[in-house]
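Reader: Could you walk me through this one? I would like to start with how the terms are set.

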Amino acid sequence: MVVTMDLNVLPGPEDNEDNFEGNIEEHGAPEERFESAAEIARREREERRKRMRNENLEDRPAHVSRQPVHDQLFPSKHYKSYDKSKLPAGWLDCPAFGQEINCIVPSKVPLGEAYNDCIPPGKRYSFKQVIHQQRVLGRKLGLVIDLTNTTRYYSTTDLKKEGIKHVKIYCKGRDAVPENTAVNTFVYEVMQFLLRQKHTKKYILVHCTHGHNRTGYMIVHYLMRSQPMSVTQAIKIFAEARPPGIYKPDYIDALYSFYHERKPEMAVCPPTPEWKRSSEFDLNGEAVPDDDDDGGSAKNLHDNHEMDVVMTNDDVLGDEIPNDQLDALRQFCCQTLKLNVPGRGKPIFPGSHPVSLSRDNLLLLRTRYYYATWKADGTRYMMLITVDGCFLIDRDFKFRRVQMRFPCRYTNEGPADKTHHFTLLDGEMIIDTLPDSQKQERRYLIYDMMAINRESVTERPFHERWKMLEKEVIEPRNYERHNIYQSRNPYYRYDLEPFRVRRKDFWLLSTVTKLLKEFIPKLSHDADGLIFQGWDDPYVPRTHEGLLKWKYPEMNSVDFRFEVDDDDRQLLYLNERGTKKLMEGHRVAFKDDLDPSSYSGKIIECSWASEEHVWVCMRVRTDKSTPNEFNTYKKVMRSIKDNITEDVLLNEIYEIIRLPMYADRIRIESKAQQHANASRRR
Ligand SMILES: Nc1nc2c(ncn2[C@@H]2O[C@H](COP(=O)(O)OP(=O)(O)OP(=O)(O)O)[C@@H](O)[C@H]2O)c(=O)[nH]1
């Protein structure tokens, strides 16, 4: 094979030699050429060193065989700078780079020229060599992702000159797998880079210190999030491209655990490669730790399924995502809901919000067709499902990534290959406490769907969206759960996901009494009232005047911002058109003995004690960073004043369901239900 050389990128004559050693021999011999006098002198010097090394090796006592190769090669007298610019353990003999995986080239860390004194010319691997070697193989680098935990290995000047982007993601190697947020950044950077490629194909060099464990861990995550495959397959792809692959058992276990997969019994972790093992010990046989070591064993591994931890609604779920990705995801949500894309100010949560039931809007139940459900009292999230992750969207319109699986609808041929991509849901995350065992289970109760696989369905009537939700999201998951051995990934374990998923039920108004008297008391999570959902309504973002909530009167609440000022005055604030509004003359009582100043700056949810004329703090809202709008407060006050008690509500409903509009429909639907039950029994 003839190696073509681009003179513009050829390193200086000394570095030239390096290109024709090491990896390049795997890819064909260089074009024959004459040696210059300087090159001959250098070659002879090198041969002398090699001879010296062999002599040293033969003479040394047995335990010295573990001495790092570079120590033996370059006695410290000759290489004074050795301590300052120490080579990472095992680096010298670690193969430079592996085969490409979807435009990604795994590599060991290139070492800048400051290290030249410690590295024999034939083993140098700085960015000059990297760029050249990749170019010789027909690959033009466009991005370097550096996973080391230090900046001491090279300067990025050579990369900048070549127009190669450098992304630094600090990852400790020694005692932990990379953080989940670092993984999210890595995958996002790779996906964005590949997405922006148009005509010219460019490559990504990914390196940690040796290009095996952290590099492999990240690349496996990328593979898992970019195409349907199992962890075993992804680990194998990496191992074949960069033998022996990931060799830390804890990293491998962490990958299986992260993706909720059972590790197959035949999955074996390769042994630590010889080049790494021989450098892990000093002369006394003790491991030499490096700030940025790729060896050792990983502690602090992910465990999403902590056993004995008590769950609360305030637990922060999922992992942070990069800001750029956040912008793009917010944009998708706003477009789906036909809202303006958020500008620079504080983003506003776009989810639909019910209004409190009052004497006025109670009339709506008589004019439009409604269904009822319990008002689950947990934490509100919208959820965006994409192939590269599932995102919980909180009341601050912030996104966090959770690892979940949502297969698309199965066909007659069996389970679908694909998973949902840009499906947007709305719901409440609750914690069920099982009555017998007191075991807790976190569950996402989905009550609406706004988009399915990029297509907005907000204009469709609620009952259609609700049916679609069952057919497209819930059924395929359940089908796969129960037929996991026939699925694409028989090792997947739904039971290891961070929460379960269920569609929320809605019932005819005729069942409201049962709902209040029997169903809610038996629920294994909190409920603070009822929701009345317009059966034919579109999904209305932000305040939806037709979506009604009824709360037990003692639970009607307002979220204030509480502050204690310099004169020790206790102040309550609401929001009005983006600014703070002081609620003059309003007082709050705290049920505990804590110093009220410990609540200062927090959002507190308060109920109204009408006899004492004081707000009573029920809890701190850690999920919210802004108080209620003044308008919301007015509606809550109205509802408190109207005092629609359970009896008032039930009496109203008793009359409403006798209206022809409801009576007919209730009759038809009850018949249909009986028919369905009968055919199920048959
Ligand atoms: N639309 C709807 N909302 C529900 C349902 N079940 C529970 N909710 C919750 O009810 C909340 C609205 O009730 P509010 O009393 O205004 O709100 P909250 O519970 O104090 O929470 P914030 O709105 O965050 O103050 C929604 O944000 C949902 O999280 C349901 O079936 N449908």
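Author: Two strands are taken as paired if DSSP finds at least two bridges between them, and strands (E, at least two residues) and helices (H or I, at least four) are DSSP runs numbered from the N terminus. This is a predicted model, in which local features need pLDDT of at least 70 and side-chain atom pairs count only at pLDDT 80 or more, whereas totals for chains, interfaces and linings use all residues. Residues are numbered from 1 along each chain as its sequence is written, and side-chain values use heavy atoms, with hydrogens and water left out.

Reader: Fine. How many bridges join β2 to β4?

Author: Five bridges join strand β2 (residues 141-146) to strand β4 (residues 203-207), and the two run parallel. Within that pair, L143 stands opposite I204 of β4.

Reader: And what is the strand order in the open sheet of four strands?

Author: The order is β1-β4-β2-β3, with parallel pairing. β1 (104-107) and β3 (165-168) are at the edges with a single partner strand each, so one side of each has no neighbour in the sheet. From one strand to the next, the twist averages 20°.

Reader: Switching to helices, at what angle do α7 and α8 pack?

Author: Helix α7 (residues 213-226) and helix α8 (residues 231-241) pack at about 130°, their axes 9 Å apart. That makes α7 oblique to α8, since angles under 35 degrees count as roughly parallel, over 145 as roughly antiparallel, 65 to 115 as roughly perpendicular and the rest as oblique. Axes here are lines fitted to C-alpha atoms, for helices over the stretch in contact, and angles run from 0 to 180 degrees between N-to-C directions.

Reader: Which residues of α7 and α8 meet?

Author: T215, G216, I219, V220, L223 and M224 of α7 meet V231, A234, I235, I237 and F238 of α8, where contact means heavy atoms within 4.5 Å. By class, the contact of α7 with α8 has nine nonpolar, two polar and no charged residues; Ala, Val, Leu, Ile, Met, Phe, Trp, Tyr, Cys and Pro count as nonpolar, Asp, Glu, Lys and Arg as charged, and the others, Gly among them, as polar.

Reader: What about α6 and α7, at what angle do they pack?

Author: Helix α6 (residues 180-196) packs with α7 at an angle of about 60°, with their axes 9 Å apart. That makes α6 oblique to α7. The residues of the contact of α6 with α7 divide into eleven nonpolar, three polar and one charged.

Reader: New topic: how is the chain divided into domains?

Author: The domain assignment, which is automatic or from a database, gives domain 1 (104-273), domain 2 (319-551) and domain 3 (553-629). The centres of domain 1 and domain 3, taken over C-alpha atoms, are separated by 50 Å.

Reader: In the sheet of six strands, what is the order?

Author: That open sheet runs β20-β19-β18-β22-β23-β21, and its pairing is mixed. β20 (579-582) and β21 (588-589) are the edge strands, each with a single partner, so one side of each is left without a neighbour in the sheet. Helix α15 (residues 630-642) packs on the sheet, touching β18 (557-564), β19 (570-576), β20, β22 and β23, and its direction makes about 105° with that of β19.

Reader: How do β22 and β23 pair?

Author: Strand β22 (residues 603-609) pairs with strand β23 (residues 614-620) in the antiparallel sense over six bridges, and the bridge partner of E605 in β23 is R619.

Reader: Last one, which peptide bond is cis?

Author: The bond from P243 to P244 is cis, with omega near -5°, and P244 is found in the loop between α8 and α9 (249-258).
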